[in-house]
Amino acid sequence: MSTVVNVEKARPVTPLGILVEHLETAVTQAQDNPSLKEHLQQCLRLAALLDPYLDECTTDESPALAAIALSTQQEAWKQRFSDGSTVRELEQEMLSGHVEGQTLKMFVHMTQAKTVLDIGMFTGYSALAMAEALPSDGRLVACEVDAYVADFAKSLFEQSDHGQKIEVKVGGALETLGKLAEMKESFDLVFIDADKKEYVQYFQMLLDLNLLAPNGFICVDNTLLQGQPYLPPQQRTANGQAIANFNLVVKNDNRVEQVMLPLRDGLTIIRRL
């Protein structure tokens, strides 16, 4: 089913990664000014060594999670889209990764959640990370729009005893949320990492249709989206503007309280009041 290719270096997709890239360029252009170059090099060291240090100080991922990360890195995503296997363009950078996965896992432990909803599963790294923290009778429902990716993830879940806790729903996230609401489903913890332009709708459906349990939590990925929400509006893409709008909607909704963490590409934790 999958095609293995040479491993490509991931491009920077977080505010910190983009900052490092700019500093690397600035250092090379400051050769004639030793003082400026030294300041830039120190800035570069502070920025570039942070993520590796976070990785180093965080509990190692399980072998099953490491296998998902490696398989995602090696998959020929561009080819999969060009040959029609996937319905949208995908890339390895969409994986949530080690530190964020461990963070989500810790949230499941801390909240003692028994039911989790993952909106936007991709290859299943975040889903399995959270499933690893669920009790043996816990359940995680994962929404994925792409059938190829869903099968890709399910084959990797089979390598873990925790994979049996995961139920994959294939289809558009909004449609799946509607069906879950009709079935009176409710979740202790929800992770949103799907279509950025639909974030506001996911959030409102979770609250309006009681898909989020009383006192439940929502974790939302990419709420800093490469720095675009706090950069001048003319520097935002459509997704950047969508995230800026989402952050404002959450801030002004008196049904919740929230905190935004500068973890990777931004992670907002929302608690239903």
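In which sense do E4 and strand E5 pair, and over how many bridges? I come to that in point 2, after a word on conventions.

1. Ground rules. This is a predicted model, in which local features need pLDDT of at least 70 and side-chain atom pairs count only at pLDDT 80 or more, while totals for chains, interfaces and linings use all residues. Residues are numbered from 1 along each chain as its sequence is written, and side-chain values use heavy atoms, with hydrogens and water left out. Helices (H or I, at least four residues) and strands (E, at least two) are DSSP runs, numbered from the N terminus.

2. E4 and its neighbours. To answer the opening question, E4 and strand E5 (residues 212-221) pair in the parallel sense, over 5 bridges; pairing here requires that DSSP finds at least two bridges between the strands. Leu-189 has Phe-217 as its bridge partner in E5. E4 also runs parallel to E1, joined by 4 bridges, and there Leu-117 has Val-190 in E4 as its partner. Strand E4 (residues 187-192) is largely enclosed by the rest of the structure, because 5 of its 6 residues are buried (buried means under 20% relative accessible area, exposed over 50%, partly exposed in between, with a 1.4 Å probe and protein chains only).

3. E2 and its neighbours. Strand E2 (residues 139-144) is mostly covered too, with 5 of its 6 residues buried. The chain passes from E1 to E2 by way of helix H7 (residues 125-133), a right-handed β-α-β crossover. Right-handed means that, with the strands pointing away from the viewer, the path from the first strand over the helix to the second runs clockwise. E2 is also joined to strand E3 (residues 166-170) by 5 bridges, again in parallel, and Leu-140 stands opposite Ile-166 in E3. Helix H8 (residues 147-157) carries the chain from E2 to E3, and this β-α-β crossover is right-handed.

4. Helix H10. E4, H10 and E5 make a right-handed β-α-β unit. The buried residues in H10 include Tyr-202, Met-205 and Leu-206. Leu-207 touches Leu-212, Asp-253, Arg-255, Val-256 and Arg-272, leaving aside residues up to four places away in sequence; contact means heavy atoms within 4.5 Å. Leu-207 and Arg-272 are 65 residues apart in sequence, with 8.2 Å from C-alpha to C-alpha. Just after H10, Asn-210 takes a positive phi of about 60 degrees.

5. Aromatic pairs. Rings of Phe, Tyr and Trp (its six-membered ring) pair if their centres lie within 6.5 Å; planes under 30 degrees apart count as stacked, over 60 as edge-to-face and the rest as tilted. By this rule the count comes to 5 aromatic pairs. Trp-77 and Phe-122 are a tilted pair, because their ring centres are 5.5 Å apart and their planes lie at 40 degrees. Trp-77 sits in helix H5 (residues 77-82) and Phe-122 in the loop between E1 and H7, 45 residues apart. Trp-77 counts as buried at 5% relative accessibility, as does Phe-122 at 6%. Phe-203 and Phe-246 are edge-to-face, 6.0 Å centre to centre and with 90 degrees between the planes. Phe-203 lies in helix H10 (residues 199-208) and Phe-246 in helix H11 (residues 238-251), so this pair ties together parts that are 43 residues apart in sequence. Phe-203 has 0% relative accessibility, and Phe-246 likewise has 0%. Ring pairs link Tyr-199, Tyr-202, Phe-203 and Phe-246 into a cluster.

6. Thr-176. Which residues does Thr-176 touch, not counting those up to four places away in sequence? They are Cys-143, Lys-169 and Gly-171. Thr-176 lies in helix H9 (residues 173-182) and counts as buried at 8% relative accessibility.
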